[in-house]
Structure formats: structure tokens, C-alpha cells
Amino acid sequence: MTDLFADSEPRRIGLGPGAVLLRGFANDKAEHLLEALQNVIAVAPFRNFVTPGGHTMSVAMSNCGNAGWVSDRSGYRYDRRDPSTQVPWPAMPDVFTDVARRAAAEAGFDGFAPDACLINRYEPGTRLTLHQDRNERNFGAPIVSVSLGLPAKFLFGGLTRTDKVLRLMLEHGDVAVWGGPSRLAFHGVDVLKDGVHPATGRCRINLTFREAL
Ligand code: MD3
Ligand code: FE
């Protein structure tokens, strides 16, 4: 019997200390994730936050869970409510929590209990500049990210802004776990190339799960 995948790329790729990429981990749940996402977005639509510096972010964002990441002229923070309506963020769908917990466990982080999911929508031409995620309460917990739709070039740096940056493509169904010393690494997403994906159309969706509160 010929094994078509015998020499293919590994499904599990170590990216750094505590950082693991699980290629295609969410493939079989992608449709279910996107269906649940529609219900979240119906209550808390995508919007472009303004940074403390006064720039409007090109990536459109929403949240679900007990807390959501928000930004305005006064700073970045987690808030239990959507600032545009003052209504609590929609609950995290079970399929979201399930994928995040299983991926974290696969990477060696048992008991991951995300209370916040930031939802990023990239359209062609949008990008996320190099940054650290440091608004969460507990840096001991990892961040789990799920990529859906169009592929993007992800930039993974070190603990200082000027460290050399690893570039890799994140594709539909890929899940990455960022824990341990990699939890505070600089990272970003290069300008999204135009395209159409059967699952999402002309965009990329990224879910990031956090223990924020
Ligand atoms: C490495 N999102 O929402 S996900 C973010 O693709 C964010 O939308 C990107 O950066 C996106 O803050 C990247 C991968 C990721 C997320 C968090 C990390 C990588 C990380 C935190 C620490 C180190
Ligand atoms: Fe980030």
C-alpha cells in the first residue's frame, strides 16, 4: 500500500520553547466553528478599534467569552462588555472552548480554561504589526490560535522587538499554542494577499483563546 503522506510535512511543528504549531488540527471542526462564529457576530459585529495613538486598526475585531480585548484612546484592556453597546460579550460557543482545550492539552498545557476569545478578521491588504500580548492577568497560561480561511504570513520574533523574526504561513485549520517562554514573544501578521477561500470568502479569520481575567 502506497502512503501518499509518508514524506509530507509533519503535522506537529515546534516553533520555539513552549510554542507548537498543529497543522490542520481544526480542519474537521472548521465548518462548525464558522457556523458558531456567525451567531457571535450577529450579537457583537466586527469593528475596527482605535489604538491609544489614535490610529484605526486595519484588522476588524470582535470577542466572545467572559471578557473581550478592547482598545480606545485610553488604552488596551479586557472588558466584560462590548464598548459599542455596553452589553456583555456573547458566551464562548462550546465548539470554540473544546478545540482550544484539546489543542492546549496536545501541546502539554492540561487544564487550559480560556475566558476570552478575540476574533480577528483580515481582509486583503490588512496586517497586524509586531506586538506582544501582555494585557492578560496570567502569563503562565498559553494563548491558543486557530486560523480559518485565507492563508497569511505569520511573523514570530523573540522577546525583544529587534530579535530575528521567523516567517511561516498559517493556513485554514491550523492551530498554534503559544506558552512557556514564547508566551511573551513579539509576533505579527504580514499584509494579507488577495484571494477567495471556500470556507470564508475573501478574508482570513483568526481566533485567539486567552486566560485574561
Ligand atoms: C505568539 N493575532 O490577536 S495569532 C492577536 O493571526 C494576534 O490574528 C494574530 O497576534 C492573528 O494578538 C496571531 C498567533 C499568536 C497569538 C498570540 C501570541 C501568536 C502569539 C502570543 C504570544 C506569542
Ligand atoms: Fe498578538
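In this predicted model, 19 residues surround ligand 1, and the closest are N120, Y122, D133, H187 and R204. A residue is counted as near a molecule or strand if one of its heavy atoms lies within 4 Å of it. Residues are numbered from 1 along each chain as its sequence is written, and chains are lettered from A and ligands numbered from 1 in the order in which they are written. Local features need pLDDT of at least 70, side-chain atom pairs count only at pLDDT 80 or more, and totals for chains, interfaces and linings use all residues, while side-chain values use heavy atoms, with hydrogens and water left out.

An N or O atom in the side chain of Y122 is 2.5 Å from an oxygen atom of ligand 1. For the side chain of R204, the corresponding distance to an oxygen atom of ligand 1 is 2.9 Å, and for a polar side-chain atom of N206 it is 3.2 Å. Ligand 1 taken alone exposes 500 Å², of which the protein buries 98%; accessible areas come from the Shrake-Rupley method with a 1.4 Å probe, and for residues only the protein chains shown count as cover.

The shell around ligand 1 receives two or more residues from each of β8 (116–122), β9 (128–131), β10 (143–149), β14 and β15 (204–210). Strand β15 gives the most, with four residues. Helices (H or I, at least four residues) and strands (E, at least two) are DSSP runs, numbered from the N terminus.

Strand β14 (residues 187–189) also pairs with β11 in the antiparallel sense over three bridges, where two strands pair if DSSP finds at least two bridges between them. Within this pairing, V189 in β14 is the bridge partner of F154. Four of the five residues of β11 are buried, that is, under 20% relative accessible area, with exposed meaning over 50% and partly exposed in between (1.4 Å probe, protein chains only).

Another antiparallel pairing joins β1 (residues 12–16) and β2 (residues 19–22) over four bridges. R12 stands opposite L22 in β2. The two strands β1 and β2 form a hairpin with two residues between them, and G18 in the turn has a positive phi of about 80°.

How values were computed. A polar contact is a pair of N or O atoms within 3.5 Å; within protein, one must be able to donate a hydrogen and the other to accept it, and residues adjacent in sequence count only if both atoms are side-chain atoms.
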